[in-house]
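Please read the following note alongside the sequence and the model.

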Amino acid sequence: MMTRKVQLFLLLILLEIILVVLVTYTDITGIHVTWLSSLTPENKGHTVSAKCDNETMSLYLQRYEVLNAAKGHFASRICDNKDGGPCVDPACNTTFLPPRARLQRLVSTQYNVSSRHLEVLRSLGARVSPADLVFLTAASENHFDESQGVIRDLHLKVFPWLSSNTNYSYNFIYYDLGLANNSLALAHSPHSKLLMWMDASVRFKSGDVSLIIQRVMADGFFMKHGNYMMPRHVMPVMLQYFHTEACLLAPFYETESGFVVVKNEPLMSKVVLDPWVACAFAPRCVYPGDDWRKFLPCPSNKRGYSVCHRFDQAALGVILVTLFDFKSSQLVVPDNSFYIWRDHKVKYFPNTV
């Protein structure tokens, strides 16, 4: 049986891959951005009160004002227990705090990651040269053939389109999560403008990713949502960590972490990525406890809250809805850019690879 540390390590791998790629970036204006910047080192890893700085608060309030609620990405119907989709719980007496208060609470109550772990996160990625765009994926041995599909689409569609239609430089990073006996390669890009994380099942309809780039450069973040209500896949310990309630999240679709696009900017670093990685290291947030395996199965016919747990995916959704409530719907990726094809195996590499 795996120890708790090994279990937690496996849960953190994908989240850490996304976060540490965007460690630092100096853009054309000379603004220097440090990722993981607001996570105060604390050797014991306790949750310690901290205040949100004025600059971050100002950036957040400005972004909150310009985002709009997009119809179709949250529900207004009353819950009737007939399906697991989003709905409004009529028994819910909880409301969202004012924007300023909710950000302050999110920052002040987040878990402080140990200085040792922060140093490891910041040190990864020095071997990869800077680029405007970073395309990132990962696979274990049982998903290797599936991952060849996303590599094929990038190689034959996306990268040729970028080379012909833009001046963006780009890097592609592939993480080995167990393809052989080698350890995870320490290959990150600490300098980028935009990171696009794709799991092995992502397929691009064409090479034109201009809409995604334009939207994420304006809004800071792009995600894809699923079909179920968010709190169906969030354990109570995570809700407690973020000081929220399941019924408040019921009108929202769950966030999927298989396709995430992040702009390298101070706001998204401090209010989304920092709390995300802090949750990953917290004893009871991403990791719900030693019996976490029982939270993996999610029967489609079971209704209600906290049916199962989606770990880092659940945390990302809770953070985004906590910050932007119904306006988080503007951050949803347009489905006409790509699609998900799970278990689709492609033999794009020669057999000698």
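1. A nonpolar core is here a set of buried Ala, Val, Leu, Ile, Met, Phe, Trp, Tyr and Cys residues joined through side-chain atoms within 4.5 Å, where buried means under 20% relative accessible area, exposed means over 50%, and partly exposed lies in between, with a 1.4 Å probe and protein chains only. The largest such core has 59 residues, and Phe221, Met238, Phe242, Val272 and Leu323 are those with the most contacts inside it. Helix 9, residues 266-281, gives the most to this core, with 11 residues; helices (H or I, at least four residues) and strands (E, at least two) are DSSP runs numbered from the N terminus.

2. The model is a predicted one, in which local features need pLDDT of at least 70 and side-chain atom pairs count only at pLDDT 80 or more, while totals for chains, interfaces and linings use all residues. Residues are numbered from 1 along each chain as its sequence is written, and side-chain values use heavy atoms, with hydrogens and water left out.

3. Phe242 deserves a look of its own: when its neighbours within four places in sequence are left aside, Phe242 is in contact (heavy atoms within 4.5 Å) with Leu106, Cys279, Cys285, Ala315, Val318 and Ile319. There is also a second, separate core of 23 residues, which includes Leu133, Phe135, Val150 and Phe338. In soluble globular proteins, nonpolar side chains tend to be buried together.

4. For the protein as a whole, there are 10 helices and nine strands, and buried residues make up 54% of the 353 residues. Among contacts between residues at least 6 apart in sequence, 86% join residues at least 24 apart.

5. Five strands form an open sheet in the order 4-3-5-8-7, with mixed pairing; two strands pair if DSSP finds at least two bridges between them. Strand 4 (170-176) and strand 7 (221-229) stand at the edges with a single partner strand each, so one side of each is left without a neighbour in the sheet. Neighbouring strands of this sheet are turned by 20° against each other on average, direction ignored.

6. Which strands does strand 5 pair with? Strand 3 and strand 5 pair in the parallel sense over four bridges, whereas five bridges join strand 5 to strand 8 in the antiparallel sense. Leu194 of strand 5 is the bridge partner of Leu133, and the bridge partner of Leu194 in strand 8 is Lys263. Both faces of strand 5 are covered, with Leu194, Met196 and Met198 buried on one side and Leu195 and Trp197 buried on the other. In a regular strand the side chains alternate between the two faces of the sheet.

7. Helix 2 (residues 54-66) packs against helix 9 at an angle of about 95°, with the axes 10 Å apart; axes are lines fitted to C-alpha atoms, for helices over the stretch in contact, and angles run from 0 to 180 degrees between N-to-C directions. Helix 2 and helix 9 are therefore roughly perpendicular to each other, a term that covers angles of 65 to 115 degrees. Thr56, Leu59, Tyr60 and Arg63 of helix 2 make the contact with Pro266, Leu267, Met268, Lys270 and Val271 of helix 9.

8. His243 lies in the loop between helix 7 (236-241) and helix 8 (246-249), and counts as partly exposed at 39% relative accessibility. Leaving aside neighbours within four places in sequence, His243 is in contact with Arg105 and Thr109. His243 and Thr109 are 134 residues apart in sequence, and their C-alpha atoms are 8.9 Å apart.

9. Two backbone angles may be worth checking. Most residues other than glycine have a negative phi. Phe311, in helix 10 (residues 311-324), has a positive phi of about 55° and counts as buried at 8% relative accessibility. Asp343, in the segment after strand 9 (338-340), has a positive phi of about 65° and is exposed, with a relative accessible area of 62%.

Definitions and conventions:
Angles under 35 degrees count as roughly parallel, over 145 as roughly antiparallel, 65 to 115 as roughly perpendicular and the rest as oblique.
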